[in-house]
Amino acid sequence: MAVVVVFDFDKTIIDCDSDNWVVDELGLTPLFTQLLPTMPWNSLMDRMFMELHSQRKTMEDIAEILKKAPLHPRIISAIKSAHASGCDLRIVSDANAFFIETVLKHHGLSDYFSEIHTNPSFVDGEGRLRILPYYDFKSSSHGCNICPPNMCKGLVMERVRASATTEGKKRFIYLGDGIADFCSALKLGEDDFLMPRKNYPIWEIICRNPKIIKARINEWIDGEEMEKILLHLITTISINGEEKCNNMWTSMDSHKGFQSVLPVPH
C-alpha cells in the first residue's frame, strides 16, 4: 500500500528552530525578545529581516548560517531510504520557504520531497528577504485555537490527505514535535501512524490526552531512533500488509494569500 510521510521541519528534520537559529547567530536576540510581545511570530520574523537588511546582511549571509543548522546524519539517510522505498514525502512547517529550501539543497535533499507547505518568502526589489503568512490572518481567522494565526497545520493536513488520496487509499506517517503538530495528528486515521518527538510539546499533550489520537503512536528521541522506527513502519506497511499493521505494537500504549503550496523544483 502507498505510504505518505509528512515531516515537520524545525526540531524534526533539523535539530533546532530555524528562526531562533538565524536570530541568535546573527545577533538579533535582544531585539527579537523585545518585540516578541508586540506582534505575531511570523510578522516578527519579517521584521527581523528588515533589521538584517539595514545592517547590510545579505541573502548569502543568511544562507551560510542556515547551512550550519544541526541535522542528524541518520535523518538524511532516513529521508533517502523512505524515498527509495517508494514513499511520497512532504513537509508541513511553520518555518519559511527560503529556510527550508536552503537547508534541503545544502544537504542534497531537495529532490526527495514532492511538496512543501510553509510560509512563503521572496526577495523584494531592495534585496530584502520577506516572510509572508501561509494564511492571511489579517483578513480573516482560520478558526483554530491550537495553531498560530498564520498557519493551521490541521487544515493543511486535510488538504494533504485530500490531494494524496485522489489516486487511491494511502497510509500516512506524520513526524513532528510541536503543539501545532498535535493539530495535524488529530487528522490522522486509525490506519495511520504518528511519530511524536519524545519530551517535546506534542508528546506532553499526547501523554495528557492519549485516547484523542486515532493513529498508532511511535515516539522517537533522536535521529538514529527516528530512522529506525520510520523505516520499520514503512517496511511493515509496504511488505507485510494490512493485517500485520493492525497487529503492530503501539509504544504509547504504556502512557495511555500567496502561494500556499511550494512544489519542490526537480
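Predicted model: local features only at pLDDT ≥ 70, side-chain atom pairs only at ≥ 80, totals over all residues.

Visitor: What makes β6 and β7 a pair?

Guide: Strand β6 (residues 171–176) and β7 share four bridges in the parallel sense. The cut-off is at least two bridges, so they count as paired. Within that pairing, Ile173 sits opposite Phe193 in β7.

Visitor: How do you know that β7 pairs with β8?

Guide: Two bridges join β7 to strand β8 (residues 216–217), and these strands run parallel. The rule asks for at least two, so this pair qualifies as well. Here Phe193 faces Arg216 in β8.

Visitor: What makes both faces of β7 covered?

Guide: Buried means under 20% relative accessible area. In β7 (residues 193–196), Phe193 and Met195 on one side are buried, and so are Leu194 and Pro196 on the other. Side chains in a regular strand alternate between the two faces of the sheet.

Visitor: Which helices go into the β-α-β units with β7?

Guide: β6, α8 and β7 form a right-handed unit. β7, helix α9 (residues 201–208) and β8 form a right-handed unit too.

Visitor: What lines the largest pocket, and which element supplies the largest share?

Guide: The pocket holds about 600 Å³ of space. Of its 28 lining residues, Asp10, Asp17, Asp94, Pro148 and Ala180 are the closest to the centre. By class, the lining has 12 nonpolar, seven polar and nine charged residues. The largest share, four residues, comes from β2.

Definitions and conventions
Residues numbered from 1 in each chain as written. Heavy atoms only, no water. 1 Å grid on protein atoms, 1.4 Å probe; cavity = no way out; pocket = protein on both sides within 12 Å on 5 of 7 lines; lining within 4 Å. Points joined across faces, edges and corners; volume = space filled by probe spheres on them. Nonpolar A, V, L, I, M, F, W, Y, C, P; charged D, E, K, R; others polar. Buried < 20%, exposed > 50% of the residue type's maximum accessible area, 1.4 Å probe, protein only. Right-handed = clockwise from strand over helix to strand, strands pointing away.
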